[in-house]
Amino acid sequence: MANNEESVRELGDETLKKIAHELAENLRKNVSVDWSVRESVRASLRLIVKRILRKYKYPPGKQEEAVQLVLEQAERLSAEWG
């Protein structure tokens, strides 16, 4: 998300750190063993990410890209969280 220049300009590094921390905590709590397979679980995680991004006023035009990036990263890290 920090690669998005617009978000860095608008939010600043500290806010992006808060977003990353909150995303990691929430996804870690809500990830399940089969979350990458079940679409309902993916939809729930997508909603969590979107709410957090909106909370911190992440640029709306870049939210969908950020959601996809976060879910891809969470999918890779879920083995370690389990």
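Tutor: A residue counts as buried when its relative accessible area is under 20%, as exposed when that area is over 50%, and as partly exposed in between, with a 1.4 Å probe and protein chains only. The model is predicted, so local features need pLDDT of at least 70 and side-chain atom pairs count only at pLDDT 80 or more, while totals for chains, interfaces and linings use all residues. Residues are numbered from 1 along each chain as its sequence is written, and side-chain values use heavy atoms, with hydrogens and water left out.

Student: Is Arg42 buried or exposed?

Tutor: Arg42 lies in helix α2, where helices are DSSP runs of H or I with at least four residues, numbered from the N terminus. Its relative accessible area is 16%, and the cut-off for burial is under 20%. Arg42 is therefore buried.

Student: Which pattern does the protein follow along the sequence?

Tutor: The protein has three helices and zero strands, a strand being a DSSP run of E with at least two residues. Read along the sequence, the pattern is α-α-α.

Student: Why do the buried residues of α2 lie on the same side of the helix?

Tutor: The buried residues of α2 are Val41, Arg42, Leu45, Arg46, Ile48, Val49, Ile52 and Leu53. The arc is taken from the directions that run from the helix axis to the C-beta atoms. These residues share one side of α2 because the arc they cover around the axis is only 155°.

Student: Which exposed residues does the face of α2 turned away from its buried side carry?

Tutor: Exposed here refers to a relative accessible area over 50%. The face turned away from the buried side of α2 carries Arg51 and Lys55.

Student: Which residues does Val49 touch, not counting residues up to four places away in sequence?

Tutor: Contact means heavy atoms within 4.5 Å. With residues up to four places away in sequence not counted, Val49 touches Leu23, Leu27, Val67 and Val70.
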